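Colleague: I am new to this structure and should like to understand the reasoning behind its description. May I put some questions to you?

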Protein chains: 2
Amino acid sequence: MSETTDRTTAKRRSATIIDVAKAANVAVGTVSRYLNGQTIRRSNREQIETAIHDLGYRRNAAAASIRTDLTHMIGFLVPTFDEFHARMLEHLARSVRQTGRALITYCHGGDPRIVAEALDFFAAQRVDALVMDGTAEVYHRVDDLITHDVPIIFYNNDVKGLAADRVMVENQKASYRVVKHLIDLGHQRIGMLTGNPANSSAVERLLGYEQALTEHGLPIEPVLTVRGNWVYEGGYQATKRLMQLETPPTAIFAANYNMAMGALGWFKESGLRVPNDISLVSFDDVDIFRLFDAGITAVAQPVARIADTITDILVERLADPSGSHNRTTVLECDIILRGSTRRLT
Amino acid sequence: MSETTDRTTAKRRSATIIDVAKAANVAVGTVSRYLNGQTIRRSNREQIETAIHDLGYRRNAAAASIRTDLTHMIGFLVPTFDEFHARMLEHLARSVRQTGRALITYCHGGDPRIVAEALDFFAAQRVDALVMDGTAEVYHRVDDLITHDVPIIFYNNDVKGLAADRVMVENQKASYRVVKHLIDLGHQRIGMLTGNPANSSAVERLLGYEQALTEHGLPIEPVLTVRGNWVYEGGYQATKRLMQLETPPTAIFAANYNMAMGALGWFKESGLRVPNDISLVSFDDVDIFRLFDAGITAVAQPVARIADTITDILVERLADPSGSHNRTTVLECDIILRGSTRRLT
DNA sequence: TTGTAAGCGTTATCAG
DNA sequence: CTGATAACGCTTACAA
């Protein structure tokens with residue numbers, strides 16, 4: 001086993017391309033060309049290779065990027081690493097890696113100062129592009145990045161009016177369908193746990209809910225849509241409020257996974273059973289939804305396809321920085337029917 | 001609203017420190033000192049500030065790092081972004097951010113080639129340090145990084161014999177305790193779903209299980225420990241195997257969250273109820289465990305403290321690169337008792 | 001194909 | 001406190 005090599009030398013400068021050139025008896029240019037995969041005389045190549053090996057040489061990406069203006073790093077900015085974003089990250093990291101790039105991740109937790117900080121950081125790091133879940137407050141700072149020719153790709157939530165690409169899902173249509181499903185089962189009084197209305201996806205999902213009601217001749221009752229702000233606790237409280245209404249709903253649509261969990265939490269504490277006492281549908285399908293008593297019916301976002309689409313756009317954008325591609329891709333969602341809804345007699 | 005500024009100019013070179021110096025009528029050195037928070041004559045400072053603003057100047061971190069040998073980036077290498085690692089990422093990103101650094105994330109999915117690729121990438125990027133879930137195959141490549149004076153911090157799984165810091169949890173002790181709990185309830189035949197034995201945490205958790213049995217005079221039966229390799233499907237299959245034994249266990253200990261879910265999946269399909277028909281305990285506590293019928297009793301890893309500890313070590317290491325701190329920190333786990341176990345009569 | 005040398009945007013040293 | 005200037009490690013004409 002390789003001994004833990006001598007670490008007495010205070011701070012050994014690591015080998016540079018010059019050292020390699022010297023050791024291999026060639027010019028630095030030749031080494032650089034070798035490193036960049038250009039054709040090199042065979043004998044030289046071999047000498048360079050052994051030199052690199054012997055010296056333990058590692059290319060300094062920063063030094064390269066300062067000349068090429070390319071860092072091969074993509075900024076990835078999200079509010080949290082909940083189920084949805086974690087899966088996005090996993091898929092995106094994979095697909096982006098296959099193009100020889102990596103992700104710098106920043107998590108802002110909803111704090112606008114951290115968002116600003118992140119954007120500054122990305123700007124300083126000269127990320128080749130930025131993928132982010134849109135947040136309204138960042139309009140100017142993102143526009144700033146765009147001015148500096150950094151391609152931006154929004155997903156999940158949009159920020160209107162910026163010259164960026166977008167990969168979204170059919171929030172309204174999917175919500176419409178899943179609420180319609182409840183209506184088809186005979187539900188007339190359907191509550192909704194909504195996300196933060198500052199987010200486009202929250203608005204669209206609410207719109208889908210309202211559209212379904214309206215198209216089926218049901219009234220839109222303000223008391224039936226309660227803001228849960230995407231989080232467990234919000235879903236829990238909103239559900240409590242709904243169920244303590246004089247006439248509580250017979251079904252609830254949660255606009256995301258966390259709030260659906262919050263609803264389940266309240267149901268459990270209150271001894272309500274799904275779907276016997278209350279029906280529940282949710283946006284965001286996750287594996288564990290299968291494991292609940294009857295399984296939770298949910299809208300499945302095509303996470304892998306979102307990630308792949310983002311990567312495709314990324315590649316195209318980076319290959320041709322001049323072209324102003326402001327494309328919006330909208331992907332369809334599936335609805336996974338499980339047993340969390342029951343037919344009203 | 002700031003107009004989407006003129007993007008006709010093909011590829012506008014962004015302003016440099018030199019441009020700022022010129023515009024502010026000072027020397028580049030002065031601007032550099034300003035940027036790095038050193039004291040500057042007031043009048044100069046103001047001129048610099050307006051110049052920076054007018055030019056939309058952004059410091060080029062790569063150019064700086066080539067001189068300072070500091071990138072303020074921490075590599076973060078994980079096998080997957082499952083519940084546990086996603087939470088780690090969230091906490092670590094936060095605490096690391098507070099020290100002015102950010103994370104470059106790489107997800108290897110168990111593929112040794114990707115691990116190697118990641119390590120090369122980190123080396124080229126000159127990350128200031130590397131945080132990783134240890135994987136045995138990487139011994140040499142990590143040693144290589146250590147040779148280049150990159151501090152390494154292992155968490156979750158250890159790789160023995162390397163000069164690195166480590167932040168682990170008391171896997172064996174926690175497993176011992178949770179299995180002992182089962183034994184105290186009268187269980188004599190306890191199955192275990194084990195992780196990949198190449199991982200130190202898998203070995204330690206198994207050891208804890210065996211210790212509990214032995215200390216209570218119970219035999220260690222090889223058929224009762226089935227390898228589930230950390231994943232849902234593995235847990236599902238392993239559970240199936242256990243429950244189809246001639247004398248199936250009355251309780252099961254899953255070495256992680258995913259395998260516990262797999263067990264629950266099989267139970268559900270087979271119509272078994274927890275805890276009436278079978279008791280279940282798990283490593284890794286997650287919020288949703290509360291929501292299952294009776295709640296799932298589980299070992300809670302102190303994720304936030306792991307992240308904070310890692311960051312503390314990071315800061316210390318980076319402040320004093322000469323000191324060879326090879327510290328191993330072992331954190332305690334809590335056991336969250338819920339209703340997934342029943343007393344055997 | 002190769003060597004030479006001029007950048008790239010910073011920081012750091014050293015006189016003033 | 002400031003200015004001038006030499007690094008830093010790499011890429012990329014340009015000429016050979």
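This is a predicted model: local features need pLDDT of at least 70, side-chain atom pairs count only at pLDDT 80 or more; totals for chains, interfaces and linings use all residues.

Colleague: What makes chain A and chain B copies related as by a two-fold rotation axis?

Modeller: A rotation of 180° superposes chain B on chain A with an RMSD of 0.0 Å, and the shift along the axis is 0.0 Å. The two copies are thus related as by a two-fold rotation axis.

Colleague: Which surface serves the two copies in their contact?

Modeller: The same surface serves both, since 100% of the contact residues of chain B recur in chain A.

Colleague: Why are α1(B) and α2(B) called roughly perpendicular?

Modeller: Helix α1 (residues 17-24) of chain B and helix α2 (residues 28-35) of chain B pack at an angle of about 110°, their axes being 8 Å apart. Angles of 65 to 115 degrees count as roughly perpendicular, and α1(B) and α2(B) are therefore described in that way.

Colleague: How do you know that the span of helix α10 of chain B agrees with its number of residues?

Modeller: At 1.5 Å a residue, the twelve residues 232-243 should span 16 Å, and the end C-alpha atoms of α10(B) are 16 Å apart, so the values agree.

Colleague: What makes residues of α10(B) count as buried, and against what do they pack?

Modeller: Buried means under 20% relative accessible area; G234(B), G235(B), Y236(B), A238(B), T239(B), L242(B) and M243(B) are buried. The buried residues of α10(B) pack against β6, β7, β8 and α11 of chain B.

Methods
Residues are numbered from 1 along each chain as its sequence is written. Chains are lettered from A and ligands numbered from 1 in the order in which they are written. Side-chain values use heavy atoms; hydrogens and water are left out. Copies are superposed by least squares on the C-alpha atoms of residues with pLDDT of at least 70 in both. Contact means heavy atoms within 4.5 Å. Axes are lines fitted to C-alpha atoms, for helices over the stretch in contact, and angles run from 0 to 180 degrees between N-to-C directions. Helices (H or I, at least four residues) and strands (E, at least two) are DSSP runs, numbered from the N terminus. Angles under 35 degrees count as roughly parallel, over 145 as roughly antiparallel, 65 to 115 as roughly perpendicular and the rest as oblique. The expected span of a helix is 1.5 Å times one less than its number of residues. Buried means under 20% relative accessible area, exposed over 50%, partly exposed in between (1.4 Å probe, protein chains only).
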